[in-house]
Amino acid sequence: MDEGDSDRPFDGASVDPGTVFAELARILYKGADAEQVYTAICAAATLLVPGCDRASVMLRKGGDYVTVAATDPVAAHIDQLERSLGEGPCVDTIEEAVPQIEADLRDGSSWPELARVLVETTPVRGAMGFRLLIDEHKVGALNLFSDRPGAFTARSADHASVLTAFASVTVTAVDRGDDVASLRSGLASNREIGKAIGLLMATENISSDEAFDLLRRTSQQMNRKVADLARDLVESHHARSSGR
């Protein structure tokens, strides 16, 4: 985004899922290949997830996990440390079904050796890891880091979950060989997906991950595109709200 953008909307406290998807479409608009898409996801994390200062995307390549994008050398270095030590948020979240979140690595971390090294040698004080999936198969992780102890909150995790849902869709598209230009175009025109996720979260009292999964499963059952189903859901809600 241009530094002079007067409509830069993100203060880390008032971002809804619809805005997340709309902003990602803007960020990805000029991307040309998969690497740029993954880099845009990392950049988006620092804009959209409260407390996030750095981010990386790690994917399985053959029998190994490699960092395919990172906001900076520190984030990439942390991924390498996790692989060498065999512990940390990205390593654990790939194997576990739940996100890995530690807001303050100085306070009794589940990854004691990694936490010690990070506190001693980097500015990072908090970490989160969210698993990326392709067709329900674990393939990697979105890793988020904060330089401020205690900066990661429940709101941070919620926004990160929405971003992870988007990232999983993107990774799936790239893995299947979908044209990235078509993916960008679809994202730009289908911000209804994000709006529908927010609507389901509010009406069904479910998390962003559960809302996205509900939308995805319903689209499969009805043999309809997720974007089309999302648009109908949003339009139906607006019609009911206006009394039509």
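A crossing of two helices is right-handed if the near helix is turned clockwise from the far one by less than a right angle, and left-handed if anticlockwise. Keep that in mind for the helix pair on this tour.

**Colour by confidence.** This is a predicted model. The mean pLDDT of the protein chain is 77, and 75% of its residues reach 70 or more. Now select residues 1-14. Here pLDDT stays under 50. The model has 16 contacts beyond four places in sequence for this stretch.

**Select H5, residues 112-121.** Show its side chains. Which residues of H5 are buried? They are Leu114, Ala115, Val117 and Leu118. Turn the view to look down the axis of H5. The buried residues fall within an arc of 165°, so they line one face of the helix. An α-helix has 3.6 residues a turn, so residues three or four places apart point the same way.

Select helix H3 (73-85) and helix H4 (89-95). Both are among the elements that cover the buried residues of H5.

**Keep H3 and H5.** Their axes lie 10 Å apart, and the two helices pack at an angle of about 145°. The crossing of H3 and H5 is right-handed. Which residues make the contact? From H3, select Ile78, Leu81, Glu82 and Leu85. From H5, select Glu113, Leu114, Val117 and Leu118. Colour this set by class: the contact of H3 with H5 has 6 nonpolar residues, 2 charged ones and no polar ones.

**Last stop.** Centre on Leu114, Val117 and Leu118. These H5 residues are buried, and they also take part in the contact with H3.

Key: Residues are numbered from 1 along each chain as its sequence is written. This is a predicted model: local features need pLDDT of at least 70, side-chain atom pairs count only at pLDDT 80 or more; totals for chains, interfaces and linings use all residues. Side-chain values use heavy atoms; hydrogens and water are left out. Buried means under 20% relative accessible area, exposed over 50%, partly exposed in between (1.4 Å probe, protein chains only). Helices (H or I, at least four residues) and strands (E, at least two) are DSSP runs, numbered from the N terminus. The arc is that of the directions from the helix axis to the C-beta atoms. Contact means heavy atoms within 4.5 Å. pLDDT is the predictor's confidence in each residue, from 0 to 100. Axes are lines fitted to C-alpha atoms, for helices over the stretch in contact, and angles run from 0 to 180 degrees between N-to-C directions. Ala, Val, Leu, Ile, Met, Phe, Trp, Tyr, Cys and Pro count as nonpolar, Asp, Glu, Lys and Arg as charged, and the others, Gly among them, as polar.
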